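Okay, hi everyone. Let me put the structure up, and then we'll walk through a few spots together.

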Amino acid sequence: MAMPVAISHPDAVPFPAVNGGISPVRVMEVELTEPLRTVCYDGRHRQVWVLGRLHTEPIGACLIQLGPEGLNPGQLSELLWRELRTPVNERFAAAGFSRPRALPGDGLAAGPCAWPFLRRRSEVLAAAPFISVIICTRDRPDQLATCLRHLDRQAYPRFEVVVVENVPDGDAVRTLVEARRGGVPYHYLTEPRSGLSWARNTGITAASGEIIAFLDDDDEPDSHWLAGLACGFARGDDIGCVTGLVVPARLDTPAEQLFEHLGGHSKGRGFELATFSRHGPQSPLYPLPPFGAGANMAFRREALASIGGFDVALGAGTPALAGADTLALTLTLLAGYRITYQPAALMWHHHRRDLDGLRRQLHGYSVGLTAYYAALLRHRPGVFADLLKLAPIATGYLRGTMVAPVAAPPDLLAALNRRHRRGMLMGPLEYVRSMRTQARVAAVRAVPPKARK
């Protein structure tokens, strides 16, 4: 039997052509300290995207070819070791253990009691801060139900969940939330003003915690998600925000695979912990690669208060379409706080399944990127000179084009690139239009109900 081949570059998922079409990619995770299992071929998936974990910590991922014979534990261990040996050896060395020479089929021998990652997490959980989890949604009860089931499984002692429904059109979400039973407090709110930022700000007002975490209703948080966020904040009192790793929940369609190949939500951050300040290692005014994603972020309440919450003229549900998360992260850095990117705060995300949805999403990101810069100048006009210094880098990005595997249709990529450039040109004007719209919305809201006509 021919030995399967592991494909490098885990941050990109290529389009595997099968009989002229697109082959779905199976998504799975492997705990490297436990016995490996046989990976069977199911007749559909010719490749497997594998997330490797070491004592629950995500340390890397690889894409593996899967033939009709499947993979036995020995074959799987050899392929995983080729891709993950470096992060494994780094962690063994940091723990003071001898570096393993291979990945045994029965798993790596690393006693949990002496493992630094687990010890540190236990210390943080012993004094766990209360966290408010905010989910903003709109008429998607089935999707939300899955997200809430994963929140129920959090290995974290003190948290609440605040569900904010934006402009609801029915009672399905309210019924779902109010029916929740168990030790975790669930709260349901509505926000009649259309826009994700309006909904988030409403959730902030209702939240009880000094740490406020955000995720989307199409997310599936790992059971150690909140613990990972808490560990990020424990790195210092000046940590104003913690963001986490976002990985694909599935890669069954061309749209899901293309989005992940173009960077997904982590866009190059990968599995390495990083901390940022206004002084570096990356300019707070140039969030590429991003400091984090709205699908997985948490703030100290005081940091959110210092930046005034989320800009209601940015984000989903506004003409600007996106950019609210990026602006909040940048303003947090400019306010003097640090941001920690904590891969252990793991989130599984459901990407857009169809190409039309992906086109709209990428267009929204393009509009939102330049709308973000317009908003940044509005909030912090003093950064204009620093932005000029970044112009050469930005020009290179504006001229760049999306690159995808050979099997991706060239006309699709060309159309996406045209729409990308057009969207960036639209961003500042759309932000101005959105500001005017949201000003009218806020004025109507401010008028007492009896005075309205």
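**The second largest pocket**

So, the lining of the second largest pocket divides into 12 nonpolar, four polar and seven charged residues. Here Ala, Val, Leu, Ile, Met, Phe, Trp, Tyr, Cys and Pro count as nonpolar, Asp, Glu, Lys and Arg as charged, and the others, Gly among them, as polar. Before I go on: this is a predicted model, where local features need pLDDT of at least 70, side-chain atom pairs count only at pLDDT 80 or more, and totals for chains, interfaces and linings use all residues. Residues are numbered from 1 along each chain as its sequence is written, and side-chain values use heavy atoms, with hydrogens and water left out.

Which helix gives the most to that lining? That's H2, with four residues. Helices here are DSSP runs of H or I, at least four residues, and strands are runs of E, at least two, numbered from the N terminus. Strand E6 (57-65), helix H1 (73-94), helix H6 (225-233) and strand E15 (338-349) are also among those that each supply at least two lining residues.

Now over to threonine 326, which sits in helix H9 (residues 324-334). Is it buried or partly exposed? Threonine 326 counts as partly exposed, because its relative accessibility is 26%; buried means under 20%, exposed over 50%, and partly exposed in between, with a 1.4 Å probe and protein chains only. From threonine 326 to glycine 315 you go 11 residues in sequence and 9.7 Å in space, C-alpha to C-alpha.

Last one: leucine 377 belongs to helix H10 (residues 355-379). Leucine 377 is partly exposed too, because its relative accessibility is 30%.
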